[in-house]
Amino acid sequence: MITFDKINRRAHLYLGLFLMPWLMMYGVSSFIVIHQSWFGANKVLARELLFEKAYNRPVNMQGANNSPELRATAQEILKDCNLEGAFWVDKPNADTLHIDRFSFRGSTSLTYSIKDQKLTAMHRRMKLPQVAMRMHFRGGYGQPTFGNKFWGLLVDVACVGIVIWVASGLIMWWRLPRMRVWGAIAVGSGILSFVLLVWTL
Amino acid sequence: MNAPLASEEPAKPKAETPGSTVSLLIRRVHMFTALFLSPWMLMYALSTLVMTHREYVLSFYPSKSPAMVTERELDYTRSFPTNMTLEEIGLQVLQDLGLDGTHSVSGGRNGRPLVINRQNALSTRRVTLDATAQKVLIQREEFRAATFLDRLHRRRGYNHPYALEDTWGFSVDVAVVIMVFWSLSGVWLWWEIKAVRLWGSLALGAGLGLFAIFAALI
């Protein structure tokens with residue numbers, strides 16, 4: 001018969017193995033985020049021109065930056081250019097629409113000048129530390145396409161997974177009578193350090 | 001119920017070998033560091049959920065941002081030389097109020113009051129110096145669990161000249177380095193248990209495969 005202990009251990013192990021790439025990514029990327037200058041992550045590569053072409057599309061410029069109205073227009077422009085995916089949109093001035101179509105590995109900046117009826121696309125590749133940072137900051141369900149939403153789901157699964165690791169890890173430790181004293185010292189000192197830091201920070 | 005599961009432990013060598021000592025050491029470090037750092041991990045997991053579901057979380061609160069509650073209003077007569085920077089003035093005000101610590105300064109020009117945001121993990125304070133009226137207003141942000149988690153998640157440390165800030169930064173560094181260690185040691189510990197190699201390979205393969213696909217596609 002499968003005991004609770006065995007289910008708990010298996011959950012800890014298999015969840016850990018499945019989510020290992022995310023844990024690794026969050027560990028590495030957090031270190032890069034904190035020490036960006038060490039990795040040159042704050043220095044960006046130059047943009048390269050992808051295309052510049054005549055373009056005409058009626059644009060509703062009423063919405064605020066990244067508002068649903070502006071996003072709907074941006075999504076149509078991206079569709080025209082076969083560049084659908086995650087993006088942000090803003091209005092640098094009254095007759096210009098700027099779309100940042102981003103991925104983990106790069107970002108394509110599309111600038112639509114309504115006055116000149118011209119669309120310019122520039123692409124910037126990301127350096128490896130920047131790719132890690134982009135993975136770190138990506139989550140939620142606000143971006144279009146199935147892939148983006150599924151990534152959001154995986155981030156949620158990773159978070160719930162961490163909570164399960166903590167709970168199952170505590171149970172696994174408690175089931176080892178020889179480890180209880182030293183384990184209690186580790187748990188206790190961890191909680192105490194955390195509370196003290198948070199209280200005084 | 002409390003007996004260790006024989007199938008979960010690696011085969012015990014008859015005599016202690018360097019390999020088994022290393023294995024035991026990895027197992028213990030994996031466990032004790034995890035026990036110590038569990039509050040950090042819980043905080044990061046919960047705060048990430050708060051961030052990715054911000055709209056939903058905010059729907060439980062009456063306003064988007066927490067309210068500022070007035071703590072004190074004091075007379076403040078100290079005058080500052082004109083060549084003093086706003087940062088120096090802000091620091092002096094905080095020291096006078098016994099509130100020295102990590103902060104940022106804004107305003108203070110063109111007759112506008114100087115606003116000092118004194119960071120605090122539990123609830124930030126806003127100190128407003130109205131030099132014309134010679135008054136200082138101290139307000140405290142109402143505590144919100146969601147804001148608290150969000151703030152802790154974003155706090156990186158090292159950016160301000162306070163030892164406490166560096167201590168927090170160091171604790172975060174330790175946590176993230178140990179996360180990498182848990183990943184690698186977890187794979188090591190799994191591989192030692194022959195009975196779970198097949199299903200473990202499937203779990204690891206599925207995770208790596210999905211991660212690689214998404215890294216390439218989105």
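**Exercise 1. A strand inside chain A**

How many of the eight residues of strand S4 (residues 106-113) of chain A are buried? Work out what this says about the strand's surroundings, and then find its partners.

*Solution.* Keep in mind throughout that this is a predicted model.

Step 1. Buried means under 20% relative accessible area. Seven of the eight residues of S4(A) are buried, so this strand is largely enclosed by the rest of the structure.

Step 2. Look to one partner. Strand S3 (residues 96-102) of chain A pairs with S4(A) in the antiparallel sense, over seven bridges.

Step 3. Now look to another partner. S4(A) pairs with strand S5 (residues 118-125) of chain A over eight bridges, again in the antiparallel sense. Here A:Gly106 has A:Arg125 in S5(A) as its bridge partner. This hairpin has four residues between the strands, and A:Gln117 takes a positive phi near 50° in it.

**Exercise 2. The whole sheet of chain A**

In what order do the five strands of the open sheet in chain A lie, and which of them stand at the edges?

*Solution.* Step 1. Follow the antiparallel pairing across the sheet, and the order reads S1-S5-S4-S3-S2.

Step 1. S1 and strand S2 (87-93) of chain A are the edge strands; each has a single partner strand, so one side of each is left without a neighbour in the sheet. From one strand to the next, the twist averages 15°.

Step 2. Check the S1 end. S1(A) and S5(A) are joined by six bridges in the antiparallel sense, and A:Glu48 stands opposite A:His123 in S5(A).

**Exercise 3. Turning to chain B**

*Solution.* Step 1. Chain B has an open sheet of five strands in the order S1-S5-S4-S3-S2, with antiparallel pairing. Strand S1 (68-75) and strand S2 (103-107) are at its edges with a single partner strand each, so one side of each has no neighbour in the sheet. On average, neighbouring strands are turned by 20° against each other, direction ignored.

Step 1. Zoom in on one pair. Strand S4 (residues 125-130) and strand S5 (residues 135-141) of chain B are linked by six bridges in the antiparallel sense. Within this region, B:Thr128 stands opposite B:Leu137 in S5(B).

Step 2. Helix H3 (residues 86-97) of chain B lies across S1, S2, S3 (114-118), S4 and S5 of chain B, and runs at about 60° to S3(B).

**Exercise 4. Where the chains meet**

How many residues of chain A are in contact with chain B, and how much area is buried between the chains?

*Solution.* Step 1. Count the residues: 67 of chain A are in contact with 63 of chain B.

Step 1. Turn to the area. About 5,800 Å² is buried between chain A and chain B, and carbon and sulfur atoms give 77% of this.

Step 2. On the chain A side, A:Leu17, A:Phe194 and A:Leu201 lose the most area to chain B, together 13% of what that side buries.

**Exercise 5. Cysteines**

How many disulfides does the whole structure have?

*Solution.* Step 1. A search over all chains finds zero disulfides.

Step 1. A:Cys81 is buried at a relative accessible area of 12%, and A:Cys159 is buried at 5%.

Technical notes: Residues numbered from 1 in each chain as written. Chains lettered and ligands numbered in written order. Predicted model: local features only at pLDDT ≥ 70, side-chain atom pairs only at ≥ 80, totals over all residues. Heavy atoms only, no water. Disulfide = S-S within 2.5 Å. Buried < 20%, exposed > 50% of the residue type's maximum accessible area, 1.4 Å probe, protein only. Pairing = 2+ DSSP bridges. Helix = DSSP H or I, 4+ residues; strand = E, 2+ residues; numbered from the N terminus. Axes fitted to C-alpha atoms, helices over the stretch in contact; angles between N-to-C directions. Contact = heavy atoms within 4.5 Å. Buried area = accessible area lost by both parts, 1.4 Å probe.
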